[in-house]
Amino acid sequence: MLFGKRKEAPRARAGQRATAGFIALDRRLPAAEGGRALLRKAFPDHWSFLLGEMALYSFMVLVLTGLYLTLFFDPSMATGIYDGAYAPLRGLRMSQAYATTLHISFEVRGGLLVRQTHHWAALVFVASILVHMLRIFFTGAFRRPREGNWVIGVTLLALAMLEGFCGYSLPDDLLSGTGMRTANTIVMSIPVVGTELGFFLWGGSYPGHSILPRLYIIHVLFIPGLLIALITAHLVLVFYLKHTQWPGPGRTQRNVVGQPMFPQFAAKSTGWFCLVFGALTLMGAIAQINPVWSYGPYRTDQVSSDAQPDWYVGFLEGGLRIMPPWENTVAGHTLMWNVLVPTVLLPAALFLALYLYPFLEQWVTGDPREHHLCDRPRDRPVRTGLGVAGIVFYAVLLIAGGNDVIAYTFRVSIETLTWILRVAVLAGPPLAFMITKRICLAMQAHERRLLTQGEETGMVAQSPYGHLTEAHRPLGARHRARLIGREVPEPLSPPADAGPLTRRQRLRTALSSWYYRDRVEFPRPAVDRRPAPQDAAEPTERAADTQD
């Protein structure tokens, strides 16, 4: 008993101090009220919602490993003779950036593990953002009131790609130097200001003497600061606007059915963080990536064979390789369309389309309501088809970025392969759109048969006259609620007494008809066709925290 009392005494004192500290904090800030609402906040339970958490946790790994690497890396472009631990490169002249990269890889304890983990985390970070945004796009989670969060997500994707390219270029090896040469060509291709901008960034004519220190500052200071600020704003909006959820029994536009933040969601999210951290560390330990010692130091008169950038900028490389060699001279200035179009105009058009799409779809539907239930991709065949077409377009450009490796591996003519890819990048997306749209409509037709006929039981009965019939059973309540709970807008039609339509109204009507004309109507009771008052009303905080 004596030893038990001695053990309990520190616990009691710690509890008293924690209680006193919380009371002092609650007197100055709404800690009790805010903490209660935060801890009881509901999170839907679905695997697709973990993609955003994967992006967050891979970014945390990036920050932790990056802090360690900054202790040993020197971005200086000053050259010297290497006399480090890696014997095959001793005696070669190289920049201080490349020498310190070798020092990290071979002489710093755990340096190679941290460096490879950092690189793998960067690839997973960009990939998880992209896949997370695809989930949001296909399910319509970008609709009102989440348009601002979609804009933040697109900006995060652009910054993550730029951050990855800056980090990829810092070692100053022969492979990353080839990428820097390509980047210099892209900057120089910009009309009017390209030459001056290139001289400013590189500190003179290529290769300059200022680009690596400037990229280092951008990589470790500017872009990480913007990423942290935008990620914080993104999470704040997710908490404030509530989480989207899949349709189902008991799920409406005014509630969130799921697990509370503490302890269920917190425990699951912590486990997911440990899995992501462990997987990235394991990949850094056993999966070699970016072995800069194999490429050697960068020299402007050399280029490495099979030079391939990281996958997230591979589509730019592919665009360069399949773009015809078009150039024009205007007023003594050369317009390099073969560089400007695939690497400047094309990415600008893609990101502009991503930024504007939520507002375009809202304008086409004419629906000002808030949406907190996810769409099933099959219920929006045009949107799903556009998304798949974009994926195919990106995939063809990514494949084109390695056309030389593909031609060498499969012993085909690189000229023939280039022409095949030129045709595929133009014909592939429309073909993918049409096929995807037909598949979505076929899936809707199948679900209509399930609603009208029920599920097949596998039992076949034969009548006295020899006629065979297959038995069916009605759908379960959960399955049926998921099918009839879909919301598909009707195509806009101008009022009968509206008079002559303007060009803008005609365009809007035509787009609305194209978006929502092809559909499969489901047999639903009349009461199901009218949105319930609670679905049309604004969501409330109390209703949004409803649990299972």
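Residues are numbered from 1 along each chain as its sequence is written, and side-chain values use heavy atoms, with hydrogens and water left out. In this predicted model, local features need pLDDT of at least 70 and side-chain atom pairs count only at pLDDT 80 or more, while totals for chains, interfaces and linings use all residues.

Trainee: How many aromatic pairs does a search of the whole structure find?

Mentor: Rings of Phe, Tyr and Trp (its six-membered ring) pair if their centres lie within 6.5 Å; planes under 30 degrees apart count as stacked, over 60 as edge-to-face and the rest as tilted. With this rule, the search of the whole structure gives a count of 17.

Trainee: Are the planes of Y57 and F273 stacked or edge-to-face?

Mentor: The ring centres of Y57 and F273 are 5.2 Å apart. Their planes meet at 75°, so the pair is edge-to-face.

Trainee: How many residues apart in sequence are the parts that Y57 and F273 tie together?

Mentor: Helices (H or I, at least four residues) and strands (E, at least two) are DSSP runs, numbered from the N terminus. Y57 lies in helix α3 (residues 50-70) and F273 in helix α10 (residues 261-286). The pair therefore ties together parts whose separation in residues is 216.

Trainee: Is Y57 buried or exposed?

Mentor: Buried means under 20% relative accessible area, exposed over 50%, and partly exposed in between (1.4 Å probe, protein chains only). The relative accessible area of Y57 is 9%, so Y57 is buried.

Trainee: How many salt bridges are there?

Mentor: A salt bridge is a side-chain nitrogen of Lys or Arg within 4 Å of a carboxyl oxygen of Asp or Glu. One of them joins R143 and D375, at 3.2 Å from N to O. By this rule, the count of salt bridges is 18.

Trainee: Which helix holds E361, the salt-bridge partner of R380?

Mentor: The closest N and O atoms of R380 and E361 are 3.8 Å apart. R380 lies in the loop between α13 and α14. E361, by contrast, lies in helix α13.

Trainee: How many disulfides does the structure hold?

Mentor: A disulfide is a pair of cysteine sulfur atoms within 2.5 Å. C374 is buried at 3% relative accessible area, whereas C274 is partly exposed at 48%. The number of disulfides in the structure is zero.
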